[in-house]
Amino acid sequence: MCGISGVYAVDDPPSKTELEAMNACQRHRGPDSEDYFLDGSLGFAHSRLSIVGLDTGDQPIENEDGSVVVIFNGEIYGYPELRDELESAGHTFTTDTDTEVLVHLYEEHGSSFVSRLDGMFAFALWDRDREKLILARDPLGIKPLLLADDGGRIGFASELPSLLRSDVDQGELDDTAIAEYFSLGFVPSPKTAFENIRKVRPGEVVTVSDKETKRTRFYEPSIDAVSDSFDDASSTLRDLVTNAVEKRLMSDVPLGTFLSGGVDSSIITGVMSQLSEEPVQTFTVGFEDDRYDESDIARSVAEYHDTDHTEYVVSADDVREVIPSVLGQLGEPFADPSLIPTYVVARETSQDVKVALSGDGADELFAGYNRYRGEHYSKLYRTLPNSIRSMLIEPIVDRLPASRETRLGEVFRKGQAFVDAGSDDIHQRHFQWVRKSSDETDAAYVNCDPTAAGTSVITREHEEVEEWLPKERREDLDRIMAVDTYHGLSNQMLRKVDLASMYNSLEVRVPFLDTAVVEYALGLPTEFKITARNRKRILKHAFEDVLPHEVISRSKQGFEMPIGNWFKNDLADDFRSVVSESTATQIDAEAVLNLHERHTSGRHDHEWFLWNAYVFAHWHRRMVSEGYVAD
């Protein structure tokens, strides 16, 4: 895993000084070594986290005559087979890394070679003879890649702050992107918070020359409706997941797994244990607050598989204290509060290993989230006459005292979310399941409509998914999970994991997001995944022998922190200070503070909105102080 960055500019070529400034911003992604490459209009910078080919893998890497040069972030699984094929074709290798196969594959197949790669990756390849730059990002968007274009110079990087340190003009704030952030808690691809910076989309190749910048998709999901019996499908799924885990065990450095105590991480741990001769290293972070602690279940799984288990216990103060440093590294606002505890988990794990496997992606593929259960029941709710829903049920439910701080209050909160998502329109309903704002809180934003912006994003994503989903898999829940997999994951979950892990120089691999697993899972019938009483049905069945009974039978527990309570107590003063002093024209500070007062009084639960506003105001203040945004 690494950090890559660079600049292409014919009339104003990059200097090493510019590249060094860009590289310094993402040194945490690759603290083991760094190097640079300059060739006329093109400059590369690379920071390396050594995982494979420790002694020979420093980048950039060239082909035999130096005409093709590459910098790479990620892992290519099955690269030894590709290497054997290329050596048989006459190519000479000088390193033991997966990166080197890229330059030789390009020689053989041109830019179409990207479709042959199996892995998680983002790379930049320079064809010196044709003076052509090729950028690409893996099919699921596991690894990030951003592109800045001010009309004269083009920059790229693994992280947005690196582009801000370049001499490429980032442009003004993108008002539409900010509205989408207020609505969803993140800026969805391909936008960023700045007009001149865009994300390379998952499965996309960008070709840059002095004539044009061309974007093309090298990957589109190939989904076939699975017609196998439940037992046969379970067997196939098990084989696919086991193969995905096995591919991700390649490493020349210590490797372990996150173990939360949930179904997904327990399956990854169980499969690793079956494949490994030595005890698997497992890592769990326990929390002093019992409401958020799963360490006892994780300990049971570790004992079940006889792992080499490490458990860290942190307090609320430990987690809260890292908030300023984590938010201080964001290139654009990102308001998933689980970024904070994920950062803590990665920090502790990185003390012992450089690589960790995780269970991310299984919730989206196998209907693990509460919103999927809500959507499952929603079709029954929508059979009620609209008059009964709007005039009787919804007014009563809306007045219930929702809160995350008590069990009954949490039931009321989920009930309100359920009736809010009662629209007959699937796009509106999906938006309600994922929105981080409300009609009440939208009034605190100035000159933007987060509801309209968020609904537009969801609608566009559904339209894209419907182009490749087979007609047999276009039930509403099928479509929602497909959108969450191919859009939501790269925008939120995967971005969170990349930020939290790479801030701590830790590589995270995600077996459930192997393309073969993803495509097979999306082809499964809905009833294989969720019933009235069971979520992740086929996943639990396929791996029941590696799951202790207490893992199978327990309810899902999210990886959350008591942010709402902190805004009433420990973070209250800082919240008021950051918001009241904000010069951001996108928020009405007085309205935000009024909503904060309603939250602290217990009259309303505005946790998500307050965290959104806090993160944005914190980020905006830093952008102003560093000169990237006008005061």
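Q: In which helix is Ser183 found?
A: In this predicted model, Ser183 belongs to helix 5, which comprises residues 175-184.

Q: Why is Ser183 called buried?
A: The term applies under 20% relative accessible area, and because the value for Ser183 is 0%, the residue counts as buried.

Q: What makes the pair formed by the side chain of Ser183 and the backbone oxygen of Pro450 a polar contact?
A: The limit for such a pair of N or O atoms is 3.5 Å, and a polar atom of the Ser183 side chain lies 3.1 Å from the backbone oxygen of Pro450, so the distance falls within the limit.

Q: Which residues does Ser183 touch, not counting those up to four places away in sequence?
A: With heavy atoms within 4.5 Å as the criterion, Ser183 touches Phe431, Arg435, Lys436, Ser437, Pro450 and Gly454.

Q: Which annotation does UniProt give for residues 2-211?
A: The unreviewed UniProt entry carries "domain: Glutamine amidotransferase type-2" over residues 2-211; across that range the chain is 21% helix and 30% strand, with the end C-alpha atoms 30 Å apart.

Q: What does UniProt list for Asp98, and where does the residue lie?
A: Asp98 is listed under "binding site" in the unreviewed UniProt entry, and in the model Asp98 lies in the loop between helix 2 (79-88) and helix 3 (100-109).

Q: How do you know whether Asp98 is buried or exposed?
A: The relative accessibility of Asp98 is 4%, and since buried means under 20%, Asp98 counts as buried. Leaving aside neighbours within four places in sequence, Asp98 is in contact with Phe72, Gly74, Glu75, Ile76, Tyr79 and Met250, and the Asp98 side chain reaches the backbone nitrogen of Ile76 at 2.8 Å.

Q: Why are strand 13 and strand 16 said to pair?
A: Pairing requires at least two bridges, and because three bridges join strand 13 (residues 255-258) to strand 16 (residues 355-357), the two strands, which run parallel, meet the criterion. Within this pairing, the bridge partner of Thr257 in strand 16 is Leu357.

Q: What makes strand 15 and strand 17 edge strands?
A: In the open sheet of five strands, whose order is 15-14-13-16-17 with parallel pairing, strand 15 (308-314) and strand 17 (507-509) each pair on one side only. The twist from one strand to the next averages 30 degrees.

Q: Which strands does helix 8 lie across?
A: Helix 8 (residues 295-304) lies across strand 14 (281-287) and strand 15, running at about 175 degrees to strand 15.

Technical notes: Residues numbered from 1 in each chain as written. Predicted model: local features only at pLDDT ≥ 70, side-chain atom pairs only at ≥ 80, totals over all residues. Heavy atoms only, no water. Helix = DSSP H or I, 4+ residues; strand = E, 2+ residues; numbered from the N terminus. Axes fitted to C-alpha atoms, helices over the stretch in contact; angles between N-to-C directions. UniProt positions renumbered as here; feature names shortened; annotations may be inferred. Buried < 20%, exposed > 50% of the residue type's maximum accessible area, 1.4 Å probe, protein only. Polar contact = N/O pair within 3.5 Å; in protein donor to acceptor, adjacent residues only side chain to side chain.
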